[in-house]
Amino acid sequence: MKTKTIVGVVGLGIILIIFLFSISSIFKTEKSDITIGAVLPLTGGVSFWGESAQKGIQLAVQDVNEKGGINGRHIKVIFEDSACDPKNSVSAFKKLTEFDKVTAVIGDICSSGTLALAPLAESQQKILITPCSEASAISEAGDFVFRTWVPNGAQGAALARHAHQQGFRNIALLSINTDLGESIGSAVQKTFTSLGGQVALWEKYNQDTTDFRTSLSKVKDKNVDAIFIAGHEPDSILLVKQIREMDLDVQIFADSTINTPSFFKALGASADGILFADLEDTTTEAFRARWKQEFNVEWPGATSCASVAYDDISILADALQKVGTDSSKIKNHFHAFKDFKGVSGSITFDNNGDLIRENHIYRIENGKPTLVRN
């Protein structure tokens with residue numbers, strides 16, 4: 001009886017040891033993951049960009065992990081929805097960094113969200129990469145802030161130069177009252193006036209505005225020959241519709257957020273003739289084909305943020321593989337590499353952490369963008 005008791009105790013001890021070992025192995029596996037946060041607008045009027053970026057990130061994580069991860073450690077991404085609201089962006093960032101203990105954060109896409117996150121990233125010395133926020137102020141947002149896109153001041157200046165070259169001299173500006181609208185509007189105004197042109201009117205509208213007729217009546221009174229729109233896709237659609245309804249005989253210029261299949265579809269022939277500036281879509285054919293196969297939709301274009309979001313994971317994985325998880329070392333690595341071969345094209349950052357790439361001018365013809373000028 002005593003022997004059986006001893007055997008039983010020993011047996012229970014062995015089972016307990018196995019159980020504890022199994023539990024510790026599970027926790028060890030979880031701890032071995034390298035966790036990255038992503039703050040994106042997954043709901044609301046600009047969710048197209050957030051959802052596209054999310055899909056790109058998920059494809060990249062899948063690829064990195066299938067190749068063995070980072071020295072055997074898998075990458076895991078925790079997504080948070082900002083809904084293009086800076087307050088949501090900040091709450092999400094704090095949750096990701098303080099509770100989830102992420103190594104780096106990808107986001108936001110809306111410039112106002114990214115600018116709200118930048119001071120937090122700087123104070124915590126946490127790498128922040130925005131796939132495609134465009135506000136010019138992001139260039140000065142801090143040493144730990146990077147973006148795989150160019151400042152929207154560059155596209156505003158490119159549009160203004162093209163407009164002046166084409167003989168336009170008296171224009172009106174209508175911009176959304178956010179960092180994006182302010183950046184593009186300021187660049188257009190500065191460049192156009194420096195060339196001798198006149199900005200007769202600059203109207204700013206709130207993000208929830210749906211009726212632009214009062215502003216457009218003011219534009220009509222100024223007898224301008226062109227209107228520059230700097231906004232998000234939903235309000236730009238409404239603006240163009242109301243410009244057409246009021247029979248304003250003006251050339252329409254717009255920012256790159258209109259370069260989406262949904263914009264072309266919503267406006268149909270009403271979109272034809274609009275000029276806009278954007279980066280050339282240098283996404284590889286292989287990635288475009290994969291996108292169609294994975295999601296059963298046509299490639300939505302570089303402006304969707306999908307391919308640059310994929311590359312945000314790629315450059316992070318490259319840095320983690322080579323220099324580890326220390327943010328300062330990752331920052332230095334990003335500044336050091338040149339011509340990283342991503343699916344979105346070649347990636348090199350300037351001293352401000354901005355992507356080095358040039359804008360082109362496009363005209364919408366038959367519902368599709370056509371290159372006008374390199």
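Helices here are DSSP runs of H or I with at least four residues, and strands are E runs of at least two, numbered from the N terminus. Keep that in mind for every name I use.

This is a predicted model, where local features need pLDDT of at least 70, side-chain atom pairs count only at pLDDT 80 or more, and totals for chains, interfaces and linings use all residues. Residues are numbered from 1 along each chain as its sequence is written, and side-chain values use heavy atoms, with hydrogens and water left out.

Let's start with helix α6. It covers residues 179-194, 16 residues in total. The expected span is 1.5 Å times one less than the number of residues. For α6 that gives 22 Å, and the end C-alpha atoms are 22 Å apart, so the two agree.

Which residues of α6 are buried? Buried means under 20% relative accessible area, exposed means over 50%, and partly exposed lies in between, using a 1.4 Å probe and protein chains only. The buried residues are L180, G181, S183, I184, G185, A187, V188, T191 and F192. Among the elements covering them are α4 (111-124), α5 (152-165) and β6 (170-176). Covering here rests on contact, meaning heavy atoms within 4.5 Å. Just past α6, G196 has a positive phi of about 105°.

Next, helix α3. Its 14 residues, 86-99, should span 20 Å; the end C-alpha atoms are 19 Å apart, which agrees. Buried in α3 are S89, A92, F93, L96 and T97. These lie on the same side of α3, because they cover an arc of only 115° around the axis. That arc is taken from the directions from the helix axis to the C-beta atoms. In general, an α-helix has 3.6 residues a turn, so residues three or four places apart point the same way. The face turned away from the buried side carries the exposed K87, E98 and F99. Cover for the buried residues includes β1 (34-40), β2 (75-81), β3 (104-107) and α4. After α3 comes K101, with a positive phi near 55°.

Last, the core. A nonpolar core is a set of buried Ala, Val, Leu, Ile, Met, Phe, Trp, Tyr and Cys residues joined through side-chain atoms within 4.5 Å. The largest has 51 residues, and I57, I127, I313, L316 and F334 touch the most other members. Helix α11 gives the largest share, 10 residues. What does L316 touch? Leaving out residues up to four places away in sequence, L316 touches I36, A104, I106, I127, I129, I330 and F334. A second, separate core of 50 residues includes L159, I171, F264 and Y362.
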